[in-house]
Amino acid sequence: NTILNIKGELTMKDQEKFNGFIEETIQENEKKYGTEIREKYGDKTIDASYDKMRKLSKWEFNKAQNLGKEINELLFRAVNTNDPSGELAQKVCKLHQEWIKMYWSTYSEETHLGLVQMYTENEQFKSYYEKVTIGATDFLYKAMKIYLGK
């Protein structure tokens with residue numbers, strides 16, 4: 001439909017374009033991380049997360065995207081404090097929790113901490129936060145353990 005829309009052979013409503021964008025985002029995530037996340041959390045959990053993502057409004061999706069950017073910006077600053085228990089690091093954790101809840105159909109602290117731990121163990125995941133700054137992934141894990149009282 002997108003190709004037909006670009007060619008002028010079909011007119012798509014904004015919601016249809018947005019739905020296509022969401023599907024593309026899901027497929028990219030599945031291609032990059034599908035094997036690892038499905039092994040760790042199971043098909044049912046991942047499919048439920050994708051279903052929740054499909055139901056996000058444009059406003060909710062933009063909020064999630066902006067939260068992701070804010071997390072990375074604050075994480076950069078927090079790592080430079082070298083204090084995972086500090087106010088800035090704990091704010092990153094609170095925002096990360098809020099961000100995760102936007103995508104997950106159910107939330108538990110144990111699963112959240114397990115996810116952040118997986119970031120430290122899997123190079124593909126680790127590289128996402130290491131692009132923020134060297135050491136960001138391990139720092140986030142230490143800060144999240146403090147935040148969640150683990």
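Predicted model: local features only at pLDDT ≥ 70, side-chain atom pairs only at ≥ 80, totals over all residues.
User: Why is the largest pocket called a pocket, and how much space lies in it?

Analyst: The term pocket is used because the set of grid points is open, with protein on both sides within 12 Å along at least five of seven lines, whereas a cavity is a set from which the probe cannot get out. About 1100 Å³ of space lies in the largest pocket.

User: Which residues of the lining lie nearest the centre of the largest pocket, and which helix supplies the largest share?

Analyst: The lining has 33 residues, with N29, Y33, W99, Y103 and Y119 nearest the centre, and helix α2 gives the largest share, eight residues. By class, the lining holds 19 nonpolar, eleven polar and three charged residues.

User: How do you know that W99 is in contact with Y119, and what is the place of these residues in the largest nonpolar core?

Analyst: Contact means heavy atoms within 4.5 Å, and W99 is in contact with Y119 as well as with A64, L67, G68, I71 and Y129, leaving aside neighbours within four places in sequence. Both W99 and Y119 are among the residues that touch the most other members of the 42-residue core, together with I37, L75 and L140. To this core, α2, α3, α4, α5, α6, α7 and α8 each supply at least two residues.

Notes:
Residues numbered from 1 in each chain as written. Heavy atoms only, no water. 1 Å grid on protein atoms, 1.4 Å probe; cavity = no way out; pocket = protein on both sides within 12 Å on 5 of 7 lines; lining within 4 Å. Points joined across faces, edges and corners; volume = space filled by probe spheres on them. Helix = DSSP H or I, 4+ residues; strand = E, 2+ residues; numbered from the N terminus. Nonpolar A, V, L, I, M, F, W, Y, C, P; charged D, E, K, R; others polar. Core = buried A, V, L, I, M, F, W, Y, C linked by side-chain atoms within 4.5 Å. Buried < 20%, exposed > 50% of the residue type's maximum accessible area, 1.4 Å probe, protein only.
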